[in-house]
Amino acid sequence: MVSLVLVSHSPDISKGLKKMLDEAQPEVTVLDAGGTDDGEMGTSAMKIQTAIEKAEHGDGVVILVDFGSSVMNAEMAIDLIEDAHSVKIADAPLIEAPIVR
């Protein structure tokens, strides 16, 4: 089964979404990679890379991102992984609806 990695600038958003998905779909592997390495607002390519490597069980990984540097850092994380052909960034909003208004 495909695993999910959640990347938000807000560690609270990605942690909360992970908690919700763990309850709703407990059979799906979901990893939280939100926030910076020290838990602040922002994103981290290394944190995303680590989450991808933990999430990969052979069926692939989909990364859900919010905006801006989360996309850039997810792309960098994929580039850091030797065999990342089964890792994709979803072209789908994570939290954009309230931001674009």
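1. Leaving aside residues up to four places away in sequence, Gln 49 touches Ala 77, Leu 80 and Ile 81, where a contact means heavy atoms within 4.5 Å. Gln 49 belongs to helix H2, which covers residues 45–55; helices (H or I, at least four residues) and strands (E, at least two) are DSSP runs, numbered from the N terminus. With a relative accessible area of 11%, Gln 49 counts as buried, given that buried means under 20% relative accessible area, exposed over 50%, and partly exposed in between (1.4 Å probe, protein chains only).

2. A word on the basis of these values. This is a predicted model, in which local features need pLDDT of at least 70 and side-chain atom pairs count only at pLDDT 80 or more, while totals for chains, interfaces and linings use all residues. Residues are numbered from 1 along each chain as its sequence is written, and side-chain values use heavy atoms, with hydrogens and water left out.

3. Helix H2 also holds Met 46, and here the setting can be read from the accessibility. Met 46 is partly exposed, because its relative accessible area is 49%. The C-alpha atoms of Met 46 and Glu 23 are separated by 27 Å, and the two residues are 23 apart along the chain.

4. The largest nonpolar core has 17 residues, and those with the most contacts inside it are Val 5, Val 7, Ile 48, Ile 52, Ile 63 and Val 87. At least two residues of this core come from each of strand E1 (3–7), H2, strand E3 (61–65) and helix H3 (69–80), and H2 gives the most, with four residues. Apart from this core lies another, of eight residues, among them Leu 4, Leu 17, Val 28 and Leu 94. A nonpolar core is here a set of buried Ala, Val, Leu, Ile, Met, Phe, Trp, Tyr and Cys residues joined through side-chain atoms within 4.5 Å.

5. Which residues does Ile 48 touch, not counting residues up to four places away in sequence? The contacts of Ile 48 are Val 7, Ala 33, Ser 70, Asn 73, Ala 74 and Ala 77.

6. The strands form an open sheet of four, in the order E2-E1-E3-E4, with parallel pairing. The edge strands, each pairing on one side only, are strand E2 (30–32) and strand E4 (87–89), and the twist averages 20° from one strand to the next. Two strands pair if DSSP finds at least two bridges between them. As background, strands of a sheet pair through backbone hydrogen bonds, either parallel or antiparallel.

7. Within this sheet, E1 and E3 run parallel and are joined by five bridges, and Val 7 stands opposite Val 65 in E3. E3 is mostly covered, in that four of its five residues are buried. Three bridges join E3 to E4, which also run parallel; across this pair, Val 62 stands opposite Lys 88 in E4, and the bridge partner of Ile 63 in E4 is Ile 89.

8. Helix H1 (residues 11–24) packs on the sheet, where it touches E1 and E2, and its direction makes about 165° with that of E2. H2 likewise packs on the sheet, touching E1, E2, E3 and E4, and its direction makes about 165° with that of E1. These axes are lines fitted to C-alpha atoms, for helices over the stretch in contact, and the angles run from 0 to 180 degrees between N-to-C directions.

9. E3, H3 and E4 make a right-handed β-α-β unit. A crossover is right-handed if, with the strands pointing away from the viewer, the path from the first strand over the helix to the second runs clockwise.

10. The structure holds two salt bridges, each defined as a side-chain nitrogen of Lys or Arg within 4 Å of a carboxyl oxygen of Asp or Glu. In one, the side chains of Lys 15 and Asp 32 meet (3.9 Å, N to O); Lys 15 lies in helix H1 and Asp 32 in strand E2, so the pair ties together parts that are 17 residues apart in sequence. Lys 15 is partly exposed at a relative accessible area of 46%, and Asp 32 counts as partly exposed at 21%.

11. In the salt bridge between Lys 18 and Asp 22, the side chains meet at 2.5 Å, N to O. Both residues lie in helix H1, four residues apart, about one turn of the helix. Lys 18 counts as partly exposed at 25% relative accessibility, and Asp 22 is partly exposed with a relative accessible area of 31%.
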